[in-house]
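User: I have just opened this one and would like a walk through it. Could you take my questions as they come?
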Amino acid sequence: MTVLADAATQIFLSDNVSPKPAAIANPNSGSYSRRDLYEERQTPESGIGAFATALIPLGTRLFCEESIILLPDDAGHVELYAAVKKLGKEEQELFWGLAASTKAGKDVEWIDILRRECDEDISSTFNDLVEAHEHAWSIYETNRFTCKSLDGQSKSLGIFPHSARLNHSCSPNVFHRYNPVINRLTIHALRDINIGEELLTSYIDICHPTVVRRQYLKHWGFRCRCSACDSPDDDEDYRRKRIEDLFVKLGKREIKMVKNERNWPVKEYERSLAIVVKCIKLLEKEGMEETDTLGVVYAAGVKLALQIRDKGENGDRGGDIVDMSEEGVEDAVRWAERVVEIQRKCLGEDSKEFVAAGALLEMARRGRVCRAERS
Ligand SMILES: [Zn+2]
């Protein structure tokens with residue numbers, strides 16, 4: 001995940017809406033992929049892909065997969081190879097069958113480590129061993145998913161061989177994320193998917209303009225040919241650039257606000273809220289209806305609206321009582337409902353994000369109750 005999405009997640013999950021994991025139901029902890037709804041087959045240009053074999057309704061959980069390899073994000077070639085060798089026969093086959101499209105890195109220190117660890121009598125096959133390590137690393141770099149811990153403080157990288165078959169699009173129809181509550185990678189349909197459509201997830205944050213997305217995608221060694229990248233529509237690219245700019249602006253304002261919360265004037269919250277509203281309009285136009293973009297922005301909007309209300313109640317304008325308009329309170333509730341809907345669709349009810357969204361909705365509804373009592 002890039003800095004941009006990290007900032008966005010911070011907006012969404014910060015302060016008093018943090019979830020209580022103990023309260024999260026865990027009904028769906030098995031590992032599965034819905035082979036009744038899709039099949040793997042060869043694509044003309046992108047290796048093997050996954051294609052819908054039935055109509056897949058929006059929000060369907062298509063994958064709920066446990067990793068076969070999970071390593072700290074600073075693990076190297078030698079640790080990876082050892083982990084692969086520990087796998088059972090079937091899992092090793094799955095691993096070696098995955099695509100390897102990244103180029104060899106500049107780091108060669110691992111070769112010295114490997115040489116030191118090897119017995120002298122394998123010196124004749126040492127070159128083969130180096131090549132096998134290199135190939136395993138390329139598979140790992142091409143297919144690994146980021147797995148954040150429940151508190152978001154630590155990060156591992158995992159191989160989920162069935163989910164790894166999904167190709168990329170900058171206008172994805174599914175959404176993937178590791179769910180630390182159930183220790184599985186989940187993939188959900190972002191919209192209704194028709195029979196024959198390829199299931200496509202985004203390997204990167206999608207709210208970058210095309211030029212930037214191309215840079216990020218170089219890691220996987222392909223040029224994206226999705227509708228957003230090949231679109232001759234300059235307006236679409238402009239809107240994504242605007243979204244990226246607004247996200248950065250919002251992230252910076254959030255950091256400043258957190259540092260200076262007591263003295264942050266109401267008009268500054270109102271300015272941030274105006275940015276949120278602009279962002280929502282652009283995102284809806286682009287159809288970016290997933291957790292990291294629209295969900296984050298709606299959540300930021302709810303929190304800003306509630307902060308404006310709280311500031312008003314505490315008389316922070318020095319006697320000039322700020323009272324959110326009826327419309328503002330209604331917006332907060334409506335937006336919070338959208339966050340709940342987006343998290344259910346993208347991540348499911350067993351995700352910490354869904355629980356956080358529920359808490360946010362409660363807060364927004366309390367805002368409405370308070371106002372009704374006053375009037
Ligand atoms: Zn693309």
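User: Which residues have the most contacts inside the largest nonpolar core?
Analyst: In this predicted model, the largest nonpolar core has 77 residues, and those with the most contacts inside it are V174, L199, V302, A336, V339 and L360. Helix 10, residues 291-313, gives this core its largest share, with eleven residues.
User: And which domains does this core draw on?
Analyst: At least three residues come from each of domain 1 (3-19 + 233-374) and domain 2 (21-230). As a general point, nonpolar side chains tend to be buried together in soluble globular proteins.
User: Take L199 from that list, then; what does L199 touch?
Analyst: Not counting residues up to four places away in sequence, L199 touches Y38, A50, F51, A52, L62, L166, N173, V174 and I193. One of these, V174, is also listed among the residues with the most contacts inside the core.
User: V174 is in strand 9, I think; is that strand mostly covered or mostly open?
Analyst: Strand 9, which spans residues 174-179, is mostly covered, since six of its six residues are buried. V174, H176 and Y178 point one way from the strand, while F175, R177 and N179 point the other way, and all of them are buried. In a regular strand the side chains alternate between the two faces of the sheet.
User: Which strand does strand 9 pair with, and in what sense?
Analyst: Strand 9 pairs with strand 10, residues 184-189, in the antiparallel sense over six bridges, and within that pairing H176 has I187 in strand 10 as its bridge partner. The two strands form a hairpin with four residues between them, where N183 takes a positive phi near 55°.
User: Staying with strand 10 for a moment, why does H188 count as buried?
Analyst: H188, which lies in strand 10, has 25 other C-beta atoms within 10 Å, and a residue counts as buried because 20 or more such atoms lie within that distance.
User: What is H188 in contact with?
Analyst: Leaving aside neighbours within four places in sequence, H188 is in contact with G59, T60, R61, L62, V174, F175, K345, C346, L347 and G348. Its C-alpha atom is also separated by 9.7 Å from that of P57, although H188 and P57 are 131 residues apart along the chain.
User: What about the chain overall, how much of the contact count comes from residues 24 or more positions apart?
Analyst: Such residues account for 75% of the contacts in the protein chain with a separation of 6 or more. The chain has twelve helices and eleven strands, and buried residues make up 35% of its 375 residues.
User: Switching topic, in what order do the strands of the three-stranded open sheet come?
Analyst: The order is 5-7-6, with antiparallel pairing. Strand 5 (69-72) and strand 6 (145-148) stand at the edges, and each has a single partner strand, so one side of each is left without a neighbour in the sheet. Neighbouring strands here are turned by 35° against each other on average, direction ignored.
User: How many bridges join strand 5 to strand 7?
Analyst: Four bridges join strand 5 to strand 7, residues 155-159, and the two run antiparallel; I69 stands opposite I159 in strand 7.
User: Last one: how do helix 2 and helix 5 cross?
Analyst: The axes of helix 2 (residues 77-86) and helix 5 (residues 126-143) come within 9 Å and cross at roughly 90°, and the two helices are therefore roughly perpendicular to each other. Where they meet, H77, L80, Y81 and V84 in helix 2 face H133, A136, W137 and Y140 in helix 5.

Technical notes. Residues are numbered from 1 along each chain as its sequence is written. This is a predicted model: local features need pLDDT of at least 70, side-chain atom pairs count only at pLDDT 80 or more; totals for chains, interfaces and linings use all residues. A residue is buried if 20 or more other C-beta atoms lie within 10 Å of its own, exposed if 12 or fewer, and partly exposed in between; C-beta atoms are placed from the backbone. Two strands pair if DSSP finds at least two bridges between them. A nonpolar core is a set of buried Ala, Val, Leu, Ile, Met, Phe, Trp, Tyr and Cys residues joined through C-beta atoms within 7 Å. Domain bounds come from an automatic or database domain assignment. Two residues are in contact if their C-beta atoms, placed from the backbone, lie within 7 Å. Axes are lines fitted to C-alpha atoms, for helices over the stretch in contact, and angles run from 0 to 180 degrees between N-to-C directions. Angles under 35 degrees count as roughly parallel, over 145 as roughly antiparallel, 65 to 115 as roughly perpendicular and the rest as oblique.
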